[in-house]
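Please keep the sequence and the model in view while reading.

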Amino acid sequence: MSKPFISLCPEITRANALNLMDWLEDESVIRYLSDSRNVSRFIEQVIGRVQLPILTHLFNQGGRFFMAYDRHDVPVGFVRLVKTGPDCEIVLVIGNRDNWGRKLGASALREGMKLAFFDMRAEKIIAKIHADNTRSLNAFLRCGFLLDSETPTLKSFAMSSVRYLQLLREGAAGGPSDIYITEIDQARLRDLVMLEQGPDVVDLEYEIERATVVDARQVARDVVTMNSRALLHLDDEEMEVDLVYPQDADGSAGKLSIFSGVGTAILGYKEGDTIDWRIPGRTCRIGIEKVLYQPEAAGDFHL
């Protein structure tokens, strides 16, 4: 059985706004949303007043808004992140009740945490949840949030950046499959990430921090490391790629930068693994057919 998959996309289209309006008309969806009527009124006004196909800038007033898509690129909900000082409050909604029970909420929450900690550099994430909202309470608890305070009607949960990194490195955050990275690659990539910015760096930093670190002389031969060559299936397309540092990238020669979507996706996975990954415009399925060359297995690396 496939693990639940969610990607968060910052672009908000007119069609997305109509989806949101449909969700906010469902009493079972908005039962625990304190400002649902205000949000619904705002969306209705935007659709009536603005004829633009892309409405992202309007939804990002006062915070950052993301549509949540499943592996079939169907919008299933949204995440809103509002940063106040060092802390970030998260609001999460799975909009269509047909998707409830599929653990998509926990998947969306993990993606939201990734953005809050690695992109927005929050020191703590806070979630305020109605005491009767059992599904949301369970999702946050499953992802490692701790109860911070409570009233008879509201529970406040928190996740610190320190706890998040600890859970991530221990593999206790309930995320994707295990991946492996050599000590040398981890050190070099961390230095590289410090010099760059952007969404691709967020995904790469997340992958680096969650990976199991192994000695270069002990990494399995079928694992994709830096400067490996691998035979992939990108959906129905077969391709051979070298996973390289940005300065060595050359698309015409199959040299794929670690900062590219597919490049970040395959780092640390092994032969036979399949990965769902969001690339611009769609979600793709990447299968690692074979690792054709790995520098560690060939003894071609430097300590």
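This is a predicted model: local features need pLDDT of at least 70, side-chain atom pairs count only at pLDDT 80 or more; totals for chains, interfaces and linings use all residues.

With which residue does lysine 270 form a salt bridge? The partner is aspartate 273, and the closest N and O atoms of the two are 3.6 Å apart. A salt bridge here is a side-chain nitrogen of Lys or Arg within 4 Å of a carboxyl oxygen of Asp or Glu. Lysine 270 is partly exposed at a relative accessible area of 34%, whereas aspartate 273 counts as buried at 17%. Buried denotes under 20% relative accessible area, exposed over 50%, and partly exposed the range in between (1.4 Å probe, protein chains only).

Residues are numbered from 1 along each chain as its sequence is written, and side-chain values use heavy atoms, with hydrogens and water left out.

By the salt-bridge rule, the count comes to 17. One of these pairs is aspartate 235 with arginine 282, whose side chains meet at 2.4 Å, N to O. Aspartate 235 lies in the loop between β10 (229–234) and β11 (237–244) and arginine 282 in strand β14 (residues 282–293), so this pair ties together parts that are 47 residues apart in sequence. Helices (H or I, at least four residues) and strands (E, at least two) are DSSP runs, numbered from the N terminus. Both partners are partly exposed, aspartate 235 at 34% and arginine 282 at 32%. Another salt bridge links aspartate 215 to arginine 217, with the closest N and O atoms 3.0 Å apart; arginine 217 is exposed at 58% relative accessibility.

The strands come next. Strand β3 (residues 75–84) runs antiparallel to strand β4 (residues 87–94), and 8 bridges join them; two strands pair if DSSP finds at least two bridges between them. Valine 82 stands opposite glutamate 89 in β4. The hairpin has 2 residues between its strands, and glycine 85 takes a positive phi near 65° there. β4 also pairs in the parallel sense with strand β5 (residues 124–130), over 3 bridges.

Finally, helix α1 (residues 14–24) has as its buried residues Asn16, Ala17, Leu20, Met21, Trp23 and Leu24. They cover an arc of only 160° around the axis, which puts them on the same side of α1; the arc is that of the directions from the helix axis to the C-beta atoms.
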